[in-house]
Amino acid sequence: MCAHRHMARKKQPKQAKQNQSAVAAPAEDAPAQRHRRARVGTLGALLLIAAVLGAGAFIYCKVLRRPREVQPPRTVAKIGTRPILREVWEPRLSEALEREFNHAVASRHEVMLALLDDMVLHWMILEAAHKRGLMPTDEEVQARADALIDDVIRREFPDRKKLEQDLERTGKTMEDLRAKVRADVLPDDDGLRELLAPSKLQAWVESRVTVAPEDVRQWFTYVKYNDLRVELKPESDRRRDSPAVRRELMAETLDLRRRLSSANSFADLELMPLSNKQFRHVVVPDQTARIVDLPPELAEAIARLSVGNASEPVYSGDTAHLIELVERREDLPADWAARQDVYRRRVLQKKRQAALAAYRERLVEEGHNLLTVYDPELALYRMIDEGRPAKTIRKATQKLVRQLPDNASVLLLRARQLRSEARQQPSKAPRRYQEAFKLLQHALELAPDSPELHLEAARILVAVAQDDEARSHLDAACRLADESARPPTADHFSRRDLSIHLQAKSLFKELGDSQREAAQQAWISQWTTKYASRFIQRPESILDSDTP
């Protein structure tokens, strides 16, 4: 018994120690557990952050970075304080583009700039009429409204007796009908006032024109001259009447003028190369015309010349000219003394037309100085028209492609820029051509009937030696650039068609496809035979009629 208690007493410390150790163990492991938990928490947080960043990157690349159509501003532009609103702009733009048919993609920038000029001119005419006190009065507006109402009623109801019977049967009066026409057909008083203002301003401009006896004699003054013409090549896709092109043409012509002293004759200027390969020049010898039949710019330059001398560069009709005067003579008609009054009225009419055209051109120029453009597409086209630096235009076009990813005209513009960059930087050419062709593929999905898009695609395919595909696109461009590709109501006369076939002929020659090249030459010859006469204008003669 004693021995057992002794053993129990001896074992007790060991068990107690074990029990104490078992109780103390958690206290010793707590820091390790906390550290382990902290590591697990940190790892989880890192995984969560990685997941969030990955999701964010996916959303950015797939959604946010995807080109999105930007809502265009409601105010397209402002002329001074007067806005051009989109609800007015868009219907007129759509109507103008419809007249371009399948050339609308390539001509969109020209159409937009022309429409802007029209709206600027309209507003400036109203402003000029306001300033000169020429706005129509209420009485003039009412008189015009009455006249228009009468015209509408006569056109819609040619049988006057039947009209009266219909009115009597329905219990209406003529005044009721006139009121309905006034409300449903004609614009309001302000609209009519704006329609009448241009004619009053025109009358004011014409009233300031006078004719001196020497002006009448100019109708019978003939000149012979040599004409050096510098112009864009037909295949160029630049806007022919843009200020930038005009400046470059005048610079080239001035350079030729400086080299005239080293030439054996005026005709030798045609043999001197131009620095700008986008232009061509030709000397047209022994041109004969009356001074009054010449464009005003050429007539003014020739009037200052003496026989044997050459003019300074003159810009007229999208072409820069140098004129060498060969001969000047006066040939009065036999009835000059008896019909001077008739001739004077004719000359007065022509001078009034010229004065009105010059006045309108000046108004447009003044209006553009007051213009602020908010529409990004129109702003880009104005930058190009003004001849801004190529780098600035390129950046603006890249931005616009992101804003308007489904605008085929903008995609075509950017593709042409990329093709130009590829030629300038051969090391980056493959990437540039690839990017350009991708834009054109999307543009062709939007406008598959555009010959210009097919032609641009063919240019790129020729550059990367994909000849079969290039031929396919060239065939499509030529097929679409033809009157048969448009409705019968379309104006079949199109210089754009000619430009497409000229460029296609050049590309087929580059591809070594003589059969297709010959086919294009045949088309060009046929087109020239059919339409070239439209370029030739018969000089108007004051001898044609006694009517002023």
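## Terms and model

Contact means that heavy atoms lie within 4.5 Å. The model described here is predicted.

## Helix α9

Helix α9 spans residues 243-258, which makes 16 residues. From its first C-alpha to its last, α9 reaches 23 Å. That is close to the 22 Å expected at 1.5 Å a residue.

Which residues of α9 are buried? They are A244, V245, L249, E252, T253 and L256. Seen down the axis of α9, these buried residues fall within an arc of 165°, so they line one face of the helix.

## The three-stranded sheet

Three strands form an open sheet in the order β2-β1-β7. Their pairing is antiparallel. The edge strands are β2 (82-85) and β7 (371-373), and each pairs on one side only. From one strand to the next, the twist averages 20°.

Strand β1 covers residues 75-79. Three bridges join β1 to β7, and the two run antiparallel. Here I79 stands opposite L371, a residue of β7.

## Helix α3 on the sheet

Helix α3 (residues 104-131) packs on this sheet. It touches β1, β2 and β7. The direction of α3 makes about 145° with that of β2.

Terms used. Residues numbered from 1 in each chain as written. Predicted model: local features only at pLDDT ≥ 70, side-chain atom pairs only at ≥ 80, totals over all residues. Heavy atoms only, no water. Pairing = 2+ DSSP bridges. Helix = DSSP H or I, 4+ residues; strand = E, 2+ residues; numbered from the N terminus. Axes fitted to C-alpha atoms, helices over the stretch in contact; angles between N-to-C directions. Expected span 1.5 Å × (residues − 1). Buried < 20%, exposed > 50% of the residue type's maximum accessible area, 1.4 Å probe, protein only. Arc of directions from axis to C-beta.
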